[in-house]
Amino acid sequence: MSGATETHGDNTAGDSERNTPTPVTPVGASGSRPSRTHRFLAKAEKKIDKFKLKLGLKEKGPESHGASEASTTATSSTGESTTAPTGKTWAVVAGALKMTLSIAVPIIPDPFKGPGEALLKIIDVFEQANLNKEDMEELKKRCDLLNESMVNAIKGRDERLLSVDLKESIGRLVKGIHDTFLATVVEYSTGIAAYMMVKDNSEVVKEANQKMDQVLQCFWIENLIAGALVLSDIHKTVKDQEGWMVKLCATTDNHFKSASLDKLKHVPGAAYDSQELAKVNPCFQGTQVKLLAGIGRWMSNTALEEQGASKPIYVLDGIAGIGKSTVAKTVAQHAAAINSLGATFFFSRDHADRQQAAGFVHTIAYQLACCDASYGKAIATAIDDHPESLHKIIAQQFSVLVAKPLYSMLEQRATPLVFVFDALDECAQPDASDILSLIITFVSQLPNVKRLKQ
């Protein structure tokens with residue numbers, strides 16, 4: 001699997017983060033001292049409110065006291081949505097973003113502090129920039145998303161309890177936005193940093209907006225898979241947006257019904273959410289944090305190239321009983337919640353239909369048909385056109401029923417699709433070797449598809 005996999009050894013799933021709940025002290029709970037972050041948020045709220053009053057964007061009323069939950073972010077303490085920037089001035093958006101960055105920069109690792117501090121200065125450039133209204137509105141939307149994303153990651157938490165992986169993830173987000181903004185400005189002096197907008201800034205800003213989408217997408221997917229972000233918060237953040245952001249959080253019934261799909265001899269018990277797997281519990285909150293963060297980072301392609309960002313297969317290995325199936329189910333569950341789960345197959349030596357290859361491709365095709373109506377139509381058409389493929393060897397089944405009909409649609413996906421295959425070692429030989437060969441040779445060639453295997 002050289003060049004195609006990312007392998008994690010015995011100490012990955014079986015480390016000290018097994019399914020033992022990690023106690024977390026609620027910030028601001030009775031008898032506990034509010035964290036520095038919580039106090040800073042409260043202070044930021046009051047400053048932003050005063051700023052809005054000055055600009056006439058907020059009606060005068062009794063000031064709120066104390067730190068509120070993160071849904072009332074450093075930018076919005078009155079229930080005003082930060083995801084609907086229409087009518088906001090750039091000064092309000094930039095002020096809110098700088099407030100959040102002022103909280104984030106001190107807690108992120110040192111390699112990201114420099115870009116974070118520079119970003120605070122670059123943001124000021126856009127306040128004086130001569131951007132057209134459309135460009136500015138798009139930029140404000142993304143800055144709101146950036147701000148909400150960071151606030152949702154640290155809200156209501158003592159910074160001392162934030163995981164190293166989350167801090168690094170926030171740092172990568174800050175650096176990614178810094179690099180994006182830097183591409184739209186030029187530094188024209190040394191010493192005290194000074195910046196100005198580049199010429200023809202309209203096209204440059206459009207490109208920057210697209211890049212910001214990519215950076216934010218990576219941050220969201222990475223931390224939603226890791227469990228560091230709550231889907232309901234992300235849904236609030238993107239509800240007024242378009243494209244991949246809404247699709248990531250949309251609750252849809254895409255099941256495509258067709259008599260042709262009934263010809264697939266799929267294995268219901270192989271699905272992660274089947275009754276047969278009810279005894280396999282997902283990871284408790286606060287456990288396997290590092291491992292899940294690594295998987296989320298691999299899936300979102302934010303890992304450094306030399307560490308295998310482009311590798312399509314993530315192999316989770318280790319001795320029996322250390323919780324690999326628990327991790328696999330957790331990843332499947334989190335991926336399904338954000339419409340990024342393609343298919344799962346949990347093998348088992350205790351069930352005849354889950355220890356052989358006969359229903360493997362049929363199950364993948366059936367689950368794909370259920371996860372997206374367009375996939376279902378394409379697979380049904382393939383069955384109608386090539387009914388004989390249902391009974392061919394698994395490589396031919398996969399090629400005719402999955403790869404060929406879905407390739408172009410998978411190329412157009414805005415977010416990655418993950419397949420989870422668990423306990424392949426419990427599949428009988430020679431079927432296990434055939435399935436492994438299929439995964440390496442064919443499944444790994446699908447565009448925008450990631451495979452978690454153990």
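Mentor: Let us begin with helix α7 (residues 201-226) and helix α11 (residues 324-337), which pack at an angle of about 135° with their axes 8 Å apart. Helices here are DSSP runs of H or I with at least four residues, strands are runs of E with at least two, and both are numbered from the N terminus. Axes are lines fitted to C-alpha atoms, for helices over the stretch in contact, and angles run from 0 to 180 degrees between N-to-C directions. The angle makes α7 oblique to α11; angles under 35 degrees count as roughly parallel, over 145 as roughly antiparallel, 65 to 115 as roughly perpendicular and the rest as oblique.

On the α7 side the contact is made by L224, I225 and A226, and on the α11 side by V331, H334 and A335. Contact means heavy atoms within 4.5 Å. By class, the contact of α7 with α11 has five nonpolar residues, one polar and no charged. Ala, Val, Leu, Ile, Met, Phe, Trp, Tyr, Cys and Pro count as nonpolar, Asp, Glu, Lys and Arg as charged, and the others, Gly among them, as polar.

A word on the source is needed here. This is a predicted model, in which local features need pLDDT of at least 70 and side-chain atom pairs count only at pLDDT 80 or more, while totals for chains, interfaces and linings use all residues. Residues are numbered from 1 along each chain as its sequence is written, and side-chain values use heavy atoms, with hydrogens and water left out.

The largest nonpolar core has 71 residues, and I170 and F181 have the most contacts inside it. Helix α7 gives the most to this core, with ten residues. A nonpolar core is a set of buried Ala, Val, Leu, Ile, Met, Phe, Trp, Tyr and Cys residues joined through side-chain atoms within 4.5 Å; buried means under 20% relative accessible area, exposed over 50%, and partly exposed in between, with a 1.4 Å probe and protein chains only. Leaving aside neighbours within four places in sequence, I170 is in contact with A104, I108, M150, A153, I154 and F219. A second, separate core of 42 residues includes F345, A357, A365 and V449.

A365 brings us to another pair of helices. Helix α12 (residues 360-371) and helix α13 (residues 373-385) pack at an angle of about 135°, with their axes 5 Å apart, and are therefore oblique to each other. A365, L368, A369 and C371 of α12 meet A373, Y375, G376 and I379 of α13. The residues of this contact divide into seven nonpolar, one polar and no charged.

Finally, consider the backbone of two loops. In the loop between β6 (417-422) and α15 (431-441) lies P430, and the peptide bond from Q429 to P430 is cis, with omega near 5°. A423 lies in the loop between β6 and α15 as well; A423 has a positive phi of about 60° although it is not a glycine, and counts as buried at 4% relative accessibility. N448, in the loop between α15 and β7 (449-453), also has a positive phi of about 60° without being a glycine, but N448 is partly exposed, with a relative accessible area of 34%.
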